Amino acid sequence: PLTSRAPVLAAAVRVVSQGQEVRELMNGQVAEVEVAARNTGNLDAEQVTARVSSREAGVVFERDRETIGRLSAGGESMPLRFEFGLSRVFGNDRLSLTVELSQRDFPGRVERLELPVKVRRPVLAASSNVIGRQGGRVIEQNETADLEVRVVNTGNLAAEGVTVGIDVKGP
């Protein structure tokens, strides 16, 4: 009787940050996709490669491909880590990641992982106050005054590159 032999790829995939598994991400965060490839088949897998990707804008991988090479029947690779960052302006409440394992001459394997994202944003509020030379709010004609502008971030993400513009309309 004929028996077929083939390599069959599988993968254990998780997202880690500082060595700990992550169940939720935040915009502006850096983490790693950890991939451990396995060959559950009865034939060695040749030219095995792992590739990670995301469809969402604002996800940047340090590198997205790694060559594993040969994976013996019943064998497992060392865990591979693919560092990625979510931009500060990433606004989706979910992140979809795709891990593709490929091999020569036989089908590969695709694993999809979806994680919730806690979106943080700066929320700016501005207040102003005009102070006359005498220290009060009343300004007399031809008097110089100071304009005090206060900007406060009440959000949960640091605001960067904040500028204040003042539009002065005179008579």
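Which residues make the nonpolar surface patch of about 830 Å²? I began with this point, keeping in mind that the model is predicted.

**Entry 1: the surface patch**

I listed Leu124, Val130, Ile139, Leu147, Val149, Val151, Val162, Val164, Ile166 and Val168 as the residues of the patch. I then looked up the elements involved: strand 11 (124-132) and strand 12 (145-153) are those that give two or more residues to it. Strand 12 supplies the largest share, with 3 residues.

I traced an open sheet of 5 strands in the order 2-1-4-8-6, with antiparallel pairing. Its edges are strand 2 (20-21) and strand 6 (59-61), each of which pairs on one side only. Within this sheet I followed the pairing of strand 4 (residues 30-39) with strand 8 (residues 80-86), which is antiparallel and runs over 6 bridges. Val33 stands opposite Phe82 of strand 8.

**Entry 2: the mixed sheet**

I found a further open sheet of 5 strands, ordered 3-10-9-5-7, in which the pairing is mixed. Strand 3 (25-26) and strand 7 (65-71) each have a single partner strand, so one side of each lacks a neighbour in the sheet. Strand 5 and strand 9 are antiparallel partners over 5 bridges. Along strand 9, I noted Leu101 as the bridge partner of Ala50 and Thr98 as that of Ser53. Strand 9 is also joined to strand 10 by 8 bridges, again in the antiparallel sense; here Leu95 has Leu115 in strand 10 as its bridge partner. The two strands form a hairpin with 6 residues between them, and Asp105 in the turn has a positive phi of about 75°.

**Entry 3: the nonpolar core**

Which residues have the most contacts inside the largest nonpolar core? I recorded Leu25, Val33, Phe84 and Leu95, in a core of 27 residues. Strand 1 (9-17), strand 4, strand 5 (45-53), strand 6, strand 8, strand 9 (94-102) and strand 10 (109-118) are the elements that give two or more residues to this core. I then examined Val33 in more detail.

**Entry 4: the salt bridges**

I noted a count of 14 salt bridges. Arg14 and Glu21 form one of them, at 3.9 Å from N to O. Arg14 is partly exposed at 27% relative accessible area, and Glu21 is partly exposed at 39%.

I next looked at Glu32 and Arg81, whose side chains meet in a salt bridge at 3.3 Å, N to O. Glu32 lies in strand 4 and Arg81 in strand 8, so this pair ties together parts that are 49 residues apart in sequence. Is Arg81 buried, exposed or partly exposed? At 32% relative accessibility, Arg81 counts as partly exposed.

Arg81 also forms a salt bridge with Glu34, with 2.8 Å between the closest N and O atoms. Because Glu34 lies in strand 4 and Arg81 in strand 8, the pair links parts 47 residues apart in sequence. Glu34 is buried, with a relative accessible area of 13%. Through shared partners, salt bridges join Arg14, Glu21, Arg23, Glu32, Glu34 and Arg81 into one network.

Note on methods. Residues are numbered from 1 along each chain as its sequence is written. This is a predicted model: local features need pLDDT of at least 70, side-chain atom pairs count only at pLDDT 80 or more; totals for chains, interfaces and linings use all residues. Side-chain values use heavy atoms; hydrogens and water are left out. Patches are made of residues with over 30% relative accessible area and no salt bridge: like charges are joined within 9 Å, nonpolar side chains (Val, Leu, Ile, Met, Phe, Trp, Tyr) within 5 Å. Accessible areas come from the Shrake-Rupley method with a 1.4 Å probe; for residues, only the protein chains shown count as cover. A salt bridge is a side-chain nitrogen of Lys or Arg within 4 Å of a carboxyl oxygen of Asp or Glu. Helices (H or I, at least four residues) and strands (E, at least two) are DSSP runs, numbered from the N terminus. Two strands pair if DSSP finds at least two bridges between them. A nonpolar core is a set of buried Ala, Val, Leu, Ile, Met, Phe, Trp, Tyr and Cys residues joined through side-chain atoms within 4.5 Å. Buried means under 20% relative accessible area, exposed over 50%, partly exposed in between (1.4 Å probe, protein chains only).
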